[in-house]
Amino acid sequence: MRRELSLAEIFQIGYYWETKVLLTAVRLDVFSALGGKECTAAEVAQAIGADQRALGLLLNALVAMKVLAKTGDRFANTVVAKTHLVRSSPNYVGHLLLLHDAEWNNWGKLEETVRTGRSPVTRHVFETDPELGANVLSVLDRIGQQSGPGLAKRLELGGAKTLLDLGGGAGTNAIAFCTHYPQMNAVVFDLPQTLKVTERAVKEAGLEGRIALRAGDFNADPLGGPYDAVLMSDILHYQGPEANAALVEKCFAHLTSGGRLIIKDRFLDESGTGPAWVTAFAVHILVNTEKGRCYTVAEAASWMQEAGFQSVVELERTAVVRGVKP
Ligand SMILES: C[S@@+](CC[C@H](N)C(=O)[O-])C[C@H]1O[C@@H](n2cnc3c(N)ncnc32)[C@H](O)[C@@H]1O
């Protein structure tokens, strides 16, 4: 039986102060100002243009949170802060935290959203702030590089010579797939602003000869092909069910006979109460997209079946669904 929460744990869940302290420090870029040095609050305040007393309180909280260290009156980055929160570091992840901070005001409208059922936004971040979107994709790319090769292997796409990575972002999956399957060529289809990041990543992987980039809006523009496989990874939760059903149908038309559509997403289980992370992500999608949702595998499977796909199966629980064009 599930253990009930204690009152202390309820308070812990309701406590967001440390979250905002960290996000604000990233916005102020105190970590880059500190770099590899030890500085007083006055020196950091001078470097970033802040009030010394107020900044001192923020820095002390960051020390208590173990993000910074303090000796006497001097502050320094911890190893994790220096590695991931200093802008010049190749492992900088601040863009992702800046995205969370940019979404703060939308979260502030959660009550209104729940009362009315209407999202406070009309467009998602990749449309409203392409530069932030592209930077976030670079971070996700670095994180995704660890999971892409495993996914490529598990999907057993040995016979596929052409892959369309729809809304492929930085090309993380296309790169992993082409690396795993030497016979495969891929097209990454995405919004023009995003493809700048993709171009860089494909070049770094040395796959310019095998991965082509195609700019456009996947709901409105032609997709090229036909392809032996189409991958939709983490794109459907930004859109409403009608748009998704239409997109799945469009992909059907762009596949060869025997071709496979693979949908990888953050699906909710049938009860809607798990996986735990996805239940919170579903609320995030509620306030940060106009019509987006976290769907169930059954919903994705029904779009596939309606489009004409056969052998529709959930390959990975609440994560990957695959259908075959007859
Ligand atoms: C969360 S990212 C997923 C990226 C990649 N598929 C992955 O799994 O790492 C969503 C991607 O969809 C793209 N996208 C969103 N709406 C789009 C549209 N209407 N047409 C083309 N691409 C779109 C975004 O630019 C972004 O790269």
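**Ligand shell, domains and salt bridges**

The shell around the ligand comprises six nonpolar, nine polar and three charged residues. The model is predicted. Of the 18 residues around the ligand, five come nearest: Gly 167, Asp 190, Asp 217, Phe 218 and Ser 233.

Asp 190 brings a polar side-chain atom to 2.5 Å from a ligand oxygen. In Ser 233, a polar side-chain atom lies 2.6 Å from an oxygen atom of the ligand. Taken alone, the ligand exposes 600 Å². The protein buries 92% of that area.

The domain assignment divides the protein into domain 1, spanning 7–87, and domain 2, spanning 125–324. Taken over C-alpha atoms, the centres of domain 1 and domain 2 are separated by 36 Å.

Side chains of opposite charge can pair when their charged atoms come close. The structure holds 11 salt bridges. One of them joins Glu 316 and Arg 154, with an N to O distance of 2.5 Å. This pair links distant parts of the chain, 162 residues apart. Glu 316 sits in strand E8 (residues 310–316), while Arg 154 belongs to helix H12 (residues 148–154). Glu 316 has a relative accessible area of 22% and is therefore partly exposed. Arg 154 is also partly exposed, at 48%.

A second pair is Lys 264 with Asp 234, at 3.8 Å from N to O. Lys 264 counts as partly exposed, at 21% relative accessibility. Asp 234 falls at 19%, so it counts as buried, the cut-off being under 20%.

Arg 317 and Glu 270 form a further salt bridge, 3.4 Å from N to O. Both partners lie in loops, 47 residues apart. Arg 317 is in the loop between E8 and strand E9 (320–324). Glu 270 occupies the loop between E7 and helix H16 (276–288). Both count as exposed: Arg 317 has a relative accessibility of 52%, and Glu 270 has 64%. Elsewhere, salt bridges that share partners join Lys 20, Arg 27 and Asp 101 into one network.

Definitions and conventions
Residues numbered from 1 in each chain as written. Predicted model: local features only at pLDDT ≥ 70, side-chain atom pairs only at ≥ 80, totals over all residues. Heavy atoms only, no water. Near = heavy atom within 4 Å. Polar contact = N/O pair within 3.5 Å; in protein donor to acceptor, adjacent residues only side chain to side chain. Areas by Shrake-Rupley, 256 points an atom, 1.4 Å probe, with all protein chains shown as cover. Nonpolar A, V, L, I, M, F, W, Y, C, P; charged D, E, K, R; others polar. Domains from an automatic or database assignment. Salt bridge = Lys/Arg side-chain N within 4 Å of Asp/Glu carboxyl O. Helix = DSSP H or I, 4+ residues; strand = E, 2+ residues; numbered from the N terminus. Buried < 20%, exposed > 50% of the residue type's maximum accessible area, 1.4 Å probe, protein only.
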